[in-house]
Amino acid sequence: MSAEATNPATPGPVVPAAARRRSRPRIDLRRLGRAALLGPTARDRLPDAISHVVDAHRAHHPDAGLEPLRRAYVLAESSHRGQMRKSGEPYITHPLAVTLILAELGAETTTLTASLLHDTVEDTEVTLDQVGAEFGEEVRYLVDGVTKLEKVDYGAAAEPETFRKMLVATGNDVRVMSIKLADRLHNMRTLGVMRPEKQARIAKVTRDVLIPLAERLGVQAIKTELEDLVFAILHPEEYQHTRELIAENAARADDPLAEFADAMRAVLREADIQAEVLIRPRHLVSLHRVSRKRGQLRGADFGRLLVLVTEDADCYAVLGELHTCMTPVVSEFKDFIAVPKFNLYQSLHTALAREDGQVAEVLIRTHLMHKVAEAGVVALGNPYSAPAEEQAPGDTGDGERIDPTRPGWLSRLLDWQRAAPDTDTFWSTLREDLAQDREITVFRPDGGTLGLPEGATCVDAAYAQYGEDAHACLGARVNGRLATLSTVLRDGDTVQLLMGQDPASEPSRKWLEHAHTPAARIAIQRWLATHGGAPGADGGEGPDSPGTTDPAATNDRAATNDGSETNDRANGRAATNDRADATQSAGAGRRAGGRRGTRAAGTAEDAAGTGTGPASTARPAAAIAVSGRPDAGVRLAGCCTPVPSDEVTGFDVRGGVVTVHRVECAVVARMKDAGRAEVDVRWGDTTACRVTLVAESFGRPHLLADLTEAIALEGAEIVSATVAPPTQQRVHHTYTLSLPDAAGLPALMRAMRDVPGVYDVSRARNQAPTG
């Protein structure tokens, strides 16, 4: 297939003579049409009209059975007989051309069979049942998937609903979209017979929907030609200017790309690496983008160099030799072999520079990678059935069509389209979704991954992972650090979403400002619309609009996690909720820990009301031994509350008491700087301990009750607790706890972190002075 597209209504691109000699001549569709009508159709012979299709098919699949193709052609030709295209050709030339496109890309026999029949149900008297009876359910499914919905039934919604139908079918079998892409490519090639306004309308839909789908399915050969065809129709002046640039470059006496290629071949021969070095001219849209980015074009900008090798390891060997013997542009290196793109694309990208300033882009890949790069999902064959040796004859398994290669973006698209309330929302959202043509992968703490479009935020990650349950999201940690829900995620980030348990949780109206995925936007909009808070053009009231008196708006979700300030009234309510929770926690504590739970809950209640607690705690002498002073009094420092197994040191204070600190405590450094002598101390045999823990959380109802219950369940007793008033709905808790065994401290801290809304628990430590 030609990578340089030509619109019949405009002159074709200028191609160097050498390239023309090497390229396959464009097939004469008029001749094929006549052959379709006049060629032999005997049962024991293949019709002449499909000879080009057969040749292209056998080039990729030498052992393919051709009988289904013969029967499909006979049915298609007889069904379409008498129908003509607007160009004046017999209609059968269209399914033949579509099938040839797919055959040249390496599609397997079933896809080609369905391609020959793809318009029969839509435009002739043939029914889906007849197709299924004659060619099997697989071909029937593919033909049904690309059959348009009738305008008489759907009116103006016919086109968007047809695309919805095709996308749903593609979710079960990506070959549906392969046929649609080839169908649109041939229609665009012959669009010159249409009225200009219709050309423009079709070109815009192709630009907004079909080209992004071709990109996402990795079918670059179709995508690039569609881009050039659309470019010619929608931007004829820029198209013509780009053609002139190509013609001027073709007339140059020197060719920097050829010189780069010769130098690369010499380097690889010297290293004894078997590789093929090719020059790949840029297609028109690609060159137009480069010219806009770089301004004045130089000879090496008109194409890229492609190095093809046999094994993956050879790709890196080639890269090493080129970077060693030539001058690499390090900033241009990308490894899409180790980390493939979301559309299956694999290649090494680099760039090489010469002393004269010419820079050549280089792609390094295996032959198989190149096939997938050009044909994408079309090159995968049939991924829906096991190899013949693994499947018994007639075995169809459980009858489900599950595509193991189905990309994450397609799964997300299918999810949100089900929630789209109407055709207009679906159509506009589809275009917005497909405009986001880059994808990132973020990791969950459990090792799972989420595929998201570039620019996605923590809001998008929440709805991608939890669906509408993400309404209860309280916040997030990105790469271990607390982050607002508006934080834009980067490829490779680790995202931990902090979820509340309140079933009445609401999404914030402000989340819409940070939601980039359709799934997130539609879920939030549906909730707001259902609860009377849908934002209008005038920015009308939502559940947490300024001035609302709805008590539900005060539940401490992450409404302020977008970085905005929380008003004082909300802070006051959150503080009141925490104090009320302390009272409620008494019952929970008794249920959880008997006497210890009662003590824990009651102490927490008192502390929440007074906001006070002891700064330091005394310890039995047996817990700490002071070297040479067996009778010395000992006090564990309240600033860092050491526990057995911590490395500790001591200092004399008034009254003959030794204060014990963790060695990393900031107070230790200050006392050393002041000339205070350290006292040698060590732990005794007692494992019981007291420790001060600091918990950071988002405010929410019942949080304190849940925390004290978690503490009691771990066998700890609350000596004192302080809960600071919320700041931007974030609450700072300080607990001094008594543990029967210091070895239980890590489990206690984990249990507290597992309480919904708590995003960090740490040992208290005195901060070093600043300034």
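Modeller: Let us begin with definitions. Two strands pair if DSSP finds at least two bridges between them. Helices (H or I, at least four residues) and strands (E, at least two) are DSSP runs, numbered from the N terminus. This is a predicted model: local features need pLDDT of at least 70, side-chain atom pairs count only at pLDDT 80 or more, and totals for chains, interfaces and linings use all residues. Residues are numbered from 1 along each chain as its sequence is written, while side-chain values use heavy atoms, with hydrogens and water left out.

Biologist: How many bridges join strand β9 to β10?

Modeller: In general, strands of a sheet pair through backbone hydrogen bonds, either parallel or antiparallel. Here β9 (residues 473–478) is joined to β10 by 3 bridges, and the two run antiparallel. Arginine 477 stands opposite leucine 482 in β10.

Biologist: In which order do the strands of the open sheet stand?

Modeller: The open sheet has 3 strands in the order β10-β9-β11, with antiparallel pairing. Because β10 (481–483) and β11 (495–499) stand at the edges with a single partner strand each, one side of each has no neighbour in the sheet.

Biologist: Which strands does helix α22 lie across?

Modeller: Helix α22 (residues 458–466) lies across β9 and β11.

Biologist: What is the average pLDDT of the chain?

Modeller: pLDDT is the predictor's confidence in each residue, from 0 to 100. Where pLDDT is low, the predicted coordinates should not be read in detail. The chain averages 77.

How values were computed:
Contact means heavy atoms within 4.5 Å. Axes are lines fitted to C-alpha atoms, for helices over the stretch in contact, and angles run from 0 to 180 degrees between N-to-C directions.
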